[in-house]
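Keep the model open as you read.

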Amino acid sequence: MTEICATRWYVAQTHPRAEAKAAAHLNRQGFATYLPRYLKRRRHARRVETIAAPLFPRYLFIAVDMATQRWRSIQSTIGVMRLVCNGDEPASINSRIIDDLKRRESEHGFIELDRQLKFRPGDKLRVIEGPFCDSLGLFEASSDNERVTILLDLLGRKVRVVMDAELVAAA
């Protein structure tokens with residue numbers, strides 16, 4: 001959609017997990033919306049699946065021409081909690097932010113996130129989830145950006161363990 005000079009981008013806060021519902025209802029009212037999403041790995045019941053998730057949970061962007069559109073109807077749209085405001089006036093954001101986000105989208109419409117690990121060999125790590133939760137170890141290597149090898153202190157000795165990178169954080 002081409003942006004007219006008077007049209008600016010605003011941010012709406014949505015109800016939990018209602019971003020897509022709010023966008024659909026706003027689109028029906030004639031508002032252009034943008035809901036940036038990315039592919040997220042989710043682990044549940046020993047299964048790992050990739051799902052589309054909002055980049056900014058509970059928020060979406062709306063293009064509004066304040067002079068010609070009835071913007072107050074946004075506040076009562078299904079799925080929308082409120083329009084983010086400065087006082088009584090909706091707070092606009094720079095359109096370059098939206099342009100930058102759209103440039104990072106893949107051909108499938110998902111934002112490409114940098115998945116580079118920020119650990120170096122010897123960095124202290126803490127396991128934050130799983131059977132070794134709260135165990136401390138040293139980063140050794142990564143096989144890809146999804147699996148890491150760490151040396152855990154278990155029963156008085158160093159044990160090499162390979163696990164998902166999402167399960168560790170800097171200690």
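Leucine 154 is in contact with Phe132, Ser135 and Val159, leaving aside its neighbours within four places in sequence. Contact here means heavy atoms within 4.5 Å. Leucine 154 sits in strand β12. At 22% relative accessibility, leucine 154 counts as partly exposed. The scale runs as follows: buried is under 20% relative accessible area, exposed is over 50%, and partly exposed is in between (1.4 Å probe, protein chains only). The C-alpha atoms of leucine 154 and serine 135 are separated by 8.3 Å, with the two residues 19 apart along the chain.

This is a predicted model, in which local features need pLDDT of at least 70, side-chain atom pairs count only at pLDDT 80 or more, and totals for chains, interfaces and linings use all residues. Residues are numbered from 1 along each chain as its sequence is written, and side-chain values use heavy atoms, with hydrogens and water left out.

**The five-stranded sheet**

Helices (H or I, at least four residues) and strands (E, at least two) are DSSP runs, numbered from the N terminus. Two strands pair if DSSP finds at least two bridges between them. Five strands form an open sheet in the order β13-β12-β11-β10-β14, and the pairing is antiparallel. Its edge strands are β13 (157-164) and β14 (168-170), each of which pairs on one side only. Neighbouring strands of this sheet are turned by 45° against each other on average, direction ignored. For such angles, axes are lines fitted to C-alpha atoms, for helices over the stretch in contact, and angles run from 0 to 180 degrees between N-to-C directions.

Strand β12 (residues 147-154) pairs with β13 in the antiparallel sense over eight bridges. Valine 148 stands opposite methionine 163 in β13. β12 and β13 form a hairpin with two residues between them. In that turn, leucine 155 has a positive phi of about 50°.

Strand β10 (residues 124-127) runs antiparallel to strand β11 (residues 136-142), and three bridges join them. Arginine 126 has leucine 136 in β11 as its bridge partner.

**Helix α1 and its cover**

Which residues of helix α1 (residues 19-28) are buried? They are Glu19, Ala22, Ala23 and Leu26. Seen down the axis of α1, these buried residues fall within an arc of 100°, so they line one face of the helix. The arc is that of the directions from the helix axis to the C-beta atoms. An α-helix has 3.6 residues a turn, so residues three or four places apart point the same way. The face of α1 turned away from the buried side carries the exposed residues Ala20 and Arg28.

What covers the buried residues includes β1 (7-14), β2 (32-34), β4 (47-54), β5 (59-65) and β6 (80-83). Just after α1, glycine 30 takes a positive phi of about 95°.

Threonine 77 lies in the loop between β5 and β6. It is buried, with a relative accessible area of 5%. Beyond four places in sequence, threonine 77 is in contact with Ala22, His25, Leu26 and Gln29. Threonine 14 is found in strand β1, and is buried at a relative accessible area of 0%. Its contacts, not counting residues up to four places away in sequence, include Glu19, Ala22 and Arg58.

**The nonpolar core**

A nonpolar core is a set of buried Ala, Val, Leu, Ile, Met, Phe, Trp, Tyr and Cys residues joined through side-chain atoms within 4.5 Å. The largest one has 13 residues, of which Leu26, Ile62, Val64, Ile74 and Leu83 touch the most other members. β1, α1, β5 and β6 are the elements that give two or more residues to this core. Among the residues that valine 64 touches, beyond four places in sequence, are Phe31, Trp71 and Ile74.

**Loops and cysteines**

Most residues other than glycine have a negative phi, and most peptide bonds are trans. Arginine 58 and aspartate 134 have a positive phi although neither is a glycine.

The structure holds zero disulfides (a disulfide is a pair of cysteine sulfur atoms within 2.5 Å). Cysteine 85 counts as partly exposed at 25% relative accessibility. Cysteine 133 counts as partly exposed at 37%.
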